[in-house]
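Dear colleague,

Please find the structure below, handed over for your records. My findings follow directly after it.

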Amino acid sequence: MNVGVLGAGQLGRMLALAGYPLGLRCLFLDPAEDACAGQVAGQIVAPYDDPGALDRLAARCEVVTFEFENVPEAAVSRLAARHPVYPGPRALAAAQDRLNEKNLFHELGIDTPPFAAVSSRGELDAAAETIGLPLVVKTRRLGYDGKGQAVVREPAELEAAWKRLGDVPLLAEAFVPFEREVSVLGVRARSGECAFYPLVENRHRHGILYLSRPRPGDPFTDAAQDWCRRLMEALDYTGVLALELFQHDGRLLANEFAPRVHNSGHWTIEGAETSQFENHLRAICGLPLGETRAVAPTAMVNLIGNLPAREAVTAIAGAHLHDYGKEHRPGRKVGHVTLRAADEAQLDLSLQRLLSLLPG
Ligand code: AMP
């Protein structure tokens, strides 16, 4: 079976690699000539809204998915006229706009930080008044990895935030002094069958994820999975969905969801019975889902900007290096390492060894 994929970054690359053993072939569409999934599978190099390129993709696949949520709606509609597109236009529409996303959470009884839509300087002042400071101001569309965001701690900082971000519609939300950031990954098959990976604890630096650690048996697991299930069912979802949450004051608050495979699920390649990439492909291709349980204590560390020496990483017991084949640039995710160990104490030791190889 051939799977058309919009976007050919590292998520696409790992999807393609997961597909080969199952006989599932990915074909990518991405405007970047050096897109890293194109090193491991076929790629059409063209803009996402190029009708000819979309038709060429459609002619060579039976089902379509995407590896990032900002794909143009028109591209999805054109492909959807010929093939099933999963996770589907409803999930995309909700994930592309932070206000739609937060409203959907609200409708489904999923708790969030207090929020307000802001499209004028007056509305920003009103949000600061109602919600209180500190406030996080975010562009409603096209933000990722902390881009398109400002934290306002003092009334005097409102003007600077407005000047920097105010030329597009915004969302203002309460700053959450969270104890932990966690995520839950769920997968839903075409049949409606759902499965969930263990809750993952995530650490960010400068808005970018750098460490994920699955916590099987975490006391917040059931609550997080229940919300994830509600979202997938409400969206009649097919594929993997990641829900990002803050833990604060003994409860969870939803931050955002990603309608795709997710960085906080990379550990599943070596750390779970079936990886998120394989399960996404199984779901969209109409196959039964694979087991999602963790097979060992695991941690995943992102390699950002550049890679440490291959020899040094591979010398760590239980280390699995993933080099995405991307040009090295500051702030860019260029690879990750998954560490697997017999127990948590050994994992801590390997993690210390790995972190000592990385800058900062
Ligand atoms: P986002 O693009 O919404 O995932 O935000 C990127 C990162 O910024 C999150 O992973 C958090 O570390 C931080 N962040 C976002 N929203 C808030 C918030 N309301 N309160 C505190 N930190 C936040």
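Helices (H or I, at least four residues) and strands (E, at least two) are DSSP runs, numbered from the N terminus. This is a predicted model, in which local features need pLDDT of at least 70 and side-chain atom pairs count only at pLDDT 80 or more, while totals for chains, interfaces and linings use all residues. Residues are numbered from 1 along each chain as its sequence is written, and side-chain values use heavy atoms, with hydrogens and water left out.

Domains

The domain assignment of the protein, which is automatic or taken from a database, gives domain 1 (2-85), domain 2 (114-174) and domain 3 (180-355). The centres of domain 2 and domain 3, taken over C-alpha atoms, are 29 Å apart.

The parallel sheet

Strands of a sheet pair through backbone hydrogen bonds, either parallel or antiparallel. Here two strands are said to pair if DSSP finds at least two bridges between them. An open sheet with parallel pairing is formed by four strands in the order β3-β2-β1-β4. Because β3 (42-45) and β4 (63-66) stand at the edges with a single partner strand each, one side of each has no neighbour in the sheet. On average, neighbouring strands of this sheet are turned by 25° against each other, direction ignored; for such angles, axes are lines fitted to C-alpha atoms, for helices over the stretch in contact, and values run from 0 to 180 degrees between N-to-C directions.

Four bridges link strand β1 (residues 2-6) to β4 in the parallel sense, and Leu-6 has Phe-66 of β4 as its bridge partner. Helix α1 (residues 10-19) lies across β1, β2 (25-30) and β4, and runs at about 165° to β2. Contact here means heavy atoms within 4.5 Å.

The antiparallel sheet

A further open sheet of four strands has antiparallel pairing and the order β5-β8-β6-β7. Its edge strands, β5 (115-118) and β7 (149-152), each pair on one side only. From one strand to the next, the twist averages 20°.

β5 and strand β8 (residues 170-174) run antiparallel and are joined by four bridges; Val-118 stands opposite Leu-170 in β8. Helix α7 (residues 158-165) lies across β5, β6 (135-139), β7 and β8, at about 170° to β7.

Strands β9, β11 and β12

Strand β9 (residues 180-188) pairs with strand β11 (residues 200-205) in the antiparallel sense over three bridges, and the bridge partner of Val-182 in β11 is Glu-201. β11 is also joined to β12, antiparallel, by six bridges. In that pairing, Glu-201 stands opposite Arg-213 in β12.

Backbone geometry

Most residues other than glycine have a negative phi, and most peptide bonds are trans.

- His-206, in the loop between β11 and β12, has a positive phi near 50°. The hairpin of these strands has two residues between them.
- The peptide bond from Tyr-86 to Pro-87 is cis, with omega near 5°. Pro-87 belongs to the loop between α3 (73-80) and α4 (89-96).
- Leu-133 and Pro-134 are joined by a cis peptide bond with omega of about -5°. Pro-134 is placed in the loop between α6 (121-131) and β6.

The second largest pocket

Pockets were found on a 1 Å grid over the protein atoms alone: a cavity is a set of points where a 1.4 Å probe fits but cannot get out, whereas a pocket is an open set with protein on both sides within 12 Å along at least five of seven lines, and lining residues have an atom within 4 Å of a point. Grid points are joined across faces, edges and corners, and a volume is the space filled by probe spheres set on the points.

The second largest pocket holds about 300 Å³ of space. It is lined by 13 residues, of which Arg-205, Tyr-210, Asn-302, Ile-304 and Pro-359 are the closest to its centre. β12 (208-214) and β15 (298-304) each supply at least two residues of this lining, and β15 gives the most, with four. By class, the lining has eight nonpolar, four polar and one charged residues, where Ala, Val, Leu, Ile, Met, Phe, Trp, Tyr, Cys and Pro count as nonpolar, Asp, Glu, Lys and Arg as charged, and the others, Gly among them, as polar.

Yours sincerely
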